[in-house]
Structure formats: structure tokens, C-alpha cells
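Please look over the model shown below, with attention to its sheet, the helices packed on it and its aromatic rings.

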Amino acid sequence: MVLTTKAGRNLVYLLVIMASARIPAAGGQILVQQSDWPPGVQALLERFDSTASSATTLDPAGRAALFTDDATFLNAFGTRVDGRPALDSTWARLYRGNQFRQARIERLDRRVRVLSPDLVLVDHLERLTGQGAGTGRASPPRMTHITLVLRQIRPADWRIVYYRAGDNRNLDLERQQRLTQDALENDWANLAKYRDANAKLSPPGPNESRVVFYGNSITEVWAQHFPTMFPGKPYIGRGISGQTTPQMLVRFNQDVVALRPKVVVILAGTNDIAGNTGPSTIEMIEDNLRSMTEIANANGIRVVLSSVLPVYDYPWRPGLEPAPKIMALNAWMKAYAAKVGATYLDYHSAMQDARHGMREGLASDGVHPTEAGYRVMAPLAEKAIAEALRR
């Protein structure tokens with residue numbers, strides 16, 4: 001697999017490559033010895049080390065030698081720019097502020113994966129930098145985590161086609177991304193995440209109306225608020241960040257059926273539309289939601305199908321124009337719920353703005369709800385659960 005698109009490729013697409021199981025035999029291999037690295041990779045990393053640690057060596061010629069026109073840069077907070085001109089602008093801004101002068105490399109840990117003969121992923125490069133400031137005072141040391149994707153242009157000539165940097169202001173996100181990446185390689189549906197918690201969970205009591213909230217990051221984060229938003233309620237969160245409906249379908253028996261709830265509240269589909277595990281049509285999402293509903297019905301579990309929340313644009317993959325796709329999926333979901341006797345939970349109408357994106361103040365990034373957003377969702381969920389229990 002070779003990166004060829006001029007607009008660049010983002011990390012989500014690379015994760016899809018690693019998860020696809022169509023990688024050659026070397027795919028996903030962790031190379032411990034530098035002698036095992038493809039020819040040219042070590043030389044490129046040495047060049048990157050010198051330019052990343054010294055302001056004087058990162059001149060226009062050096063940048064042109066390192067970065068190709070289809071390079072993509074994502075900064076610590078997910079802002080994306082494409083192409084070498086944008087990269088040049090980003091580096092120039094950093095160096096104008098003396099942000100990396102006197103940078104000091106304390107530790108450099110590499111994990112190299114050969115994704116294909118001409119595509120290599122290098123992650124977990126960590127640098128502790130002491131940054132100078134214009135006032136003469138040193139900024140606090142910052143641990144910078146770097147992901148590089150290298151592409152072979154011709155024999156022994158490798159280029160950086162993707163570069164992602166984060167720092168300790170965003171360390172939790174960086175760790176989660178690495179965990180997600182490892183899970184995609186070794187446990188595609190992330191069955192391991194709740195396996196131990198499920199084993200420790202007692203069977204529901206005779207009068208207990210257990211409810212499983214099942215979904216992606218929106219559900220995973222919401223579960224932290226259950227004690228305050230649903231006090232005393234036997235509600236269980238089984239969301240996993242970034243997941244799509246095929247992944248959720250794989251773990252449905254383990255993370256829903258085996259817990260013996262009376263109701264499952266399914267909130268899924270937005271990551272499919274974003275392409276987190278590859279291209280997905282609305283019909284594919286419908287098939288997966290239909291299958292989860294049929295499995296639940298076969299096991300006596302009432303189903304609440306939640307509308308996908310409004311999104312105008314995905315910050316990690318801009319330009320997909322998801323709003324009309326989300327509305328089409330929600331329309332199908334509403335009709336399907338009525339047809340099979342499930343309950344349809346409409347978050348979308350209560351949270352959308354004039355562009356059919358998320359209303360201001362209800363999400364931190366236009367996708368993931370803030371506490372205010374969850375407080376809009378909570379009473380709607382309670383009403384839907386009560387309706388499902390009456391069926």
C-alpha cells in the first residue's frame with residue numbers, strides 16, 4: 001500500500017491499513033533491532049533528529065528534502081494542514097517564537113512497524129524539551145510524542161509523508177490513541193476492554209431494570225456522569241472510543257447480551273460516517289444496527305435505537321459533509337424502530353443548529369457533548385427507556 005493522494009492521509013486511514021489483515025506477512029511486525037529496519041529508514045530518522053533538535057539546520061532546503069508535497073501535519077490538538085507549503089508555514093511559526101531553540105533530547109524510544117514494503121510507521125518517539133522564551137525565561141519542560149509515517153520514494157530514499165506531534169498538555173489523548181492503535185492490531189473489536197469488568201458484574205436482581213448504554217466515545221464519556229445524571233439507576237456504560245458499528249456488532253454478545261439487561265440503548269454510526277474503519281455506506285450501517293437489534297430481540301432485550309448526534313464536520317477528518325448522511329440514517333432508524341417494535345430516541349432534533357450541526361455550547365468540538373450536551377440527552381434517554389420497558 002502506497003500513500004499517493006495529494007491531500008495526504010490521516011491517522012485514521014493508517015489505522016485502517018493496520019487493521020485490515022490484508023497487510024503482507026511483515027505487516028504489524030515490531031522491529032527491535034535497527035539492523036532489521038528497511039534500508040534508508042535509519043538515515044532519514046537521523047536527519048529528522050538533527051532538524052527537530054536544532055533550529056539552525058531546519059532550513060528550507062532541509063524541509064524540502066524531508067517532507068513531500070503530500071505530507072500531512074497534525075498538531076497536538078488535532079489541527080490538520082496538508083502539503084509542504086503548509087508544513088513550511090507551521091515550522092516557520094514555531095521557529096519565529098524560538099519554541100524549539102535549545103531543545104534537548106532526553107529519551108528517544110522507537111517502535112517501528114513495517115506496514116508494507118514501502119510504508120513504515122514509527123511511533124512513540126519522546127523528547128523532553130527545555131524551551132526558551134522571548135523574555136529570557138525558560139518555559140516548563142515539555143514531553144513531545146511524535147508519530148512518523150515514512151514512504152519509500154525510490155530505493156534507499158525514504159520521505160516523511162505524515163507527521164503528528166503532541167505534548168504533555170494532551171498526554172491522555174496521546175496515550176488513548178496508542179492504546180486504540182494497539183487494539184486495532186491485536187483485538188480489532190477491543191473485546192478486552194470490558195472483559196474483566198463484565199466478569200466481575202453480578203447478575204441483575206429479580207426486580208432490577210438493568211440498562212446497557214452501548215456505543216462509542218460519546219457513550220464511554222457519558223458513563224462517567226451516570227452516578228450524577230442517573231443516581232441510583234442500574235445503568236451500565238459499554239462505549240468504546242472511535243468504534244464503528246461492525247466493531248460493536250462483534251462484541252455485542254459479550255458486552256450486552258451476557259450482562260442480561262432489560263434494555264439496551266444503542267448510539268452508533270457517526271464513526272462509520274467518519275470512516276474510522278474504512279469507507280462505509282449508510283446501508284452498511286443499517287445492516288449492522290439491524291443485526292444488533294435482532295440479536296437483542298432474540299435474547300429478550302428491548303432495544304432503544306438512538307439517533308446519531310448532529311455533526312456539521314469532523315475535526316479529525318474534515319470535508320466529509322456528514323450532516324445529510326446523519327439525517328438519512330436517522331430517518332431510516334426511526335422507520336425501522338417503528339416497524340420492529342423498538343423505541344426510537346431522537347437526540348438530533350433537540351441538539352441541532354440551523355446547519356444541522358451541533359448547537360453551540362453542547363459539544364467541545366462539534367461532535368463530542370459537553371456536560372451541558374449530556375444534560376440535554378439525559379431526560380430524553382430516560383423517557384425512551386421508560387417507553388421501552390412498557391413494551
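In what order do the 5 strands of the open sheet stand, and is their pairing parallel or antiparallel? The order is β9-β8-β10-β11-β12 and the pairing is parallel, where two strands pair if DSSP finds at least two bridges between them, and where helices (H or I, at least four residues) and strands (E, at least two) are DSSP runs numbered from the N terminus. This is a predicted model, in which local features need pLDDT of at least 70 and side-chain atom pairs count only at pLDDT 80 or more, while totals for chains, interfaces and linings use all residues. Residues are numbered from 1 along each chain as its sequence is written, and side-chain values use heavy atoms, with hydrogens and water left out.

- Strands β10 (residues 263-267) and β11 (residues 302-306) pair in the parallel sense over 4 bridges, and V265 has V304 in β11 as its bridge partner.

**Helices on the sheet**
- Helix α12 packs on the sheet, touching β8, β10 and β11, and its direction makes about 160 degrees with that of β11; axes are lines fitted to C-alpha atoms, for helices over the stretch in contact, and angles run from 0 to 180 degrees between N-to-C directions.
- Helix α15 (residues 371-390) packs on the sheet as well, touching β8, β9, β10, β11 and β12, with its direction at about 175 degrees to that of β12.

**Loop residue N216**
- N216, placed in the loop between β8 (211-215) and α7 (217-222), is buried with a relative accessible area of 2%.
- Leaving aside neighbours within four places in sequence, N216 is in contact (heavy atoms within 4.5 Å) with residues including G239, S241, L267 and N271.

**Aromatic rings**
- A search of the whole structure finds 13 aromatic pairs, counted when ring centres of Phe, Tyr and Trp (its six-membered ring) lie within 6.5 Å, with planes under 30 degrees apart taken as stacked, over 60 as edge-to-face and the rest as tilted.
- The rings of W222 and Y347 have centres 6.3 Å apart and planes at 70 degrees, so the pair is edge-to-face.

Conventions
Buried means under 20% relative accessible area, exposed over 50%, partly exposed in between (1.4 Å probe, protein chains only).
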